[in-house]
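Here's a quick tour for anyone meeting this protein for the first time. Have a look at the sequence and the fold, then read on.

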Amino acid sequence: LNLSFNQIESMRDISVCLGNVSTLLLNFNALTGAEGLERVYSLQTLDLSDNCIDTLDGITLLQRLPLLTSLRCKGNPVAMRPDYRVAVLGAFQLKRGDAGEPLVLDGTVPDVKEQFL
């Protein structure tokens, strides 16, 4: 589902009306966080790039999504933090453990050091 370039500010109640969507493109909107998306359990691919997300909490809550394998957040203020990749990948690894598939973050597979934080 492509909802890019729509000036969307919040997805808080989206799980109520969104069905079993596996790919959701929300790039180039005005989102300040991912609240609400953590309840769209069918998501496998999520693009939040080029929004206004400025906290790690606005992204790491997505670790609740059991099927999420690809997440894009580049172009958000939070992605400029030096610890951004380590923090996001670490949150997902804690949730999934050793058996889980690594999250592809911003189109890049975690390197060996990032996989074993």
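What percentage of the 117 residues of the protein count as buried? The figure is 44%. Keep in mind as you go that this is a predicted model. The protein has 4 helices and 4 strands, and its radius of gyration is 13 Å, close to the 13 Å that the globule rule gives for 117 residues, so it is as compact as a globular protein of that length.

**Overall layout**

- Start at the N terminus and walk along: the elements come in the order α-β-β-α-β-α-β-α.
- Along the principal axes, the C-alpha atoms fill a box of roughly 35 × 30 × 20 Å.
- The protein exposes about 6400 Å², and carbon and sulfur atoms supply 53% of that area.
- Take the contacts with a separation of 6 or more: residues 24 or more positions apart account for 45% of them.

- The 4 strands make an open sheet, lined up in the order 1-2-3-4, and the pairing is parallel.
- Strand 1 and strand 4 (104-105) sit at the edges, so to speak, as each of them pairs on one side only.
- Strand 2 pairs with strand 3 (residues 70-72) in the parallel sense, over 3 bridges.

**The nonpolar core**

- In soluble globular proteins, nonpolar side chains tend to be buried together.
- Here, the largest nonpolar core has 30 residues. Leu37, Leu46, Leu48, Leu62 and Leu71 are the ones with the most contacts inside this core.
- Which element gives the largest share of this core? That's helix 3, with 4 residues.
- Leu37 is worth a click: setting aside neighbours within four places in sequence, Leu37 is in contact with Met11, Ile14, Leu24, Leu26, Leu43, Leu46, Leu48, Leu62 and Leu65.

**Ala87, on helix 3**

- You'll find Ala87 in helix 3, which covers residues 84-96.
- Ala87 counts as partly exposed, at 24% relative accessibility.
- Beyond its neighbours within four places in sequence, Ala87 is in contact with Leu56 and Thr60.
- Ile59 is 28 residues from Ala87 in sequence, with 9.8 Å between the two C-alpha atoms.

**Ser42, in a loop**

- Ser42 lies in the loop between strand 1 (23-25) and strand 2 (45-47).
- Is Ser42 buried or exposed? Ser42 is buried, with a relative accessible area of 15%.
- Leaving out neighbours within four places in sequence, the contacts of Ser42 are Gly19, Asn20, Val21, Ser22 and Leu67.

**Towards the two ends of the chain**

- Leu3 is in the segment before helix 1 (14-17), and it is partly exposed, with a relative accessible area of 22%.
- Leu3 and Leu89 are 86 residues apart in sequence, and their C-alpha atoms are 25 Å apart in space.
- Gly107 is found in the loop between strand 4 and helix 4 (112-115). With a relative accessible area of 47%, Gly107 is partly exposed.
- Gly107 is 36 residues from Leu71 in sequence, while the C-alpha atoms of the two are 7.7 Å apart in space. Leu71 is one of the residues with the most contacts inside the largest nonpolar core.

**Cysteines**

- A disulfide is a covalent bond between the sulfur atoms of two cysteines.
- How many disulfides does a search of the whole structure find? The count is 0.
- Cys52 is in no disulfide, and the nearest cysteine sulfur, which belongs to Cys73, is 13 Å away. A disulfide would need the two sulfur atoms within 2.5 Å.
- Cys52 is partly exposed, with a relative accessible area of 39%, while Cys17 counts as exposed, at 63% relative accessibility.

Note on methods
Residues are numbered from 1 along each chain as its sequence is written. This is a predicted model: local features need pLDDT of at least 70, side-chain atom pairs count only at pLDDT 80 or more; totals for chains, interfaces and linings use all residues. Side-chain values use heavy atoms; hydrogens and water are left out. Helices (H or I, at least four residues) and strands (E, at least two) are DSSP runs, numbered from the N terminus. Buried means under 20% relative accessible area, exposed over 50%, partly exposed in between (1.4 Å probe, protein chains only). Contact means heavy atoms within 4.5 Å. A nonpolar core is a set of buried Ala, Val, Leu, Ile, Met, Phe, Trp, Tyr and Cys residues joined through side-chain atoms within 4.5 Å. Two strands pair if DSSP finds at least two bridges between them. The radius of gyration is taken over C-alpha atoms; the globule rule is 2.2 Å times the number of residues to the power 0.38. Accessible areas come from the Shrake-Rupley method with a 1.4 Å probe; for residues, only the protein chains shown count as cover.
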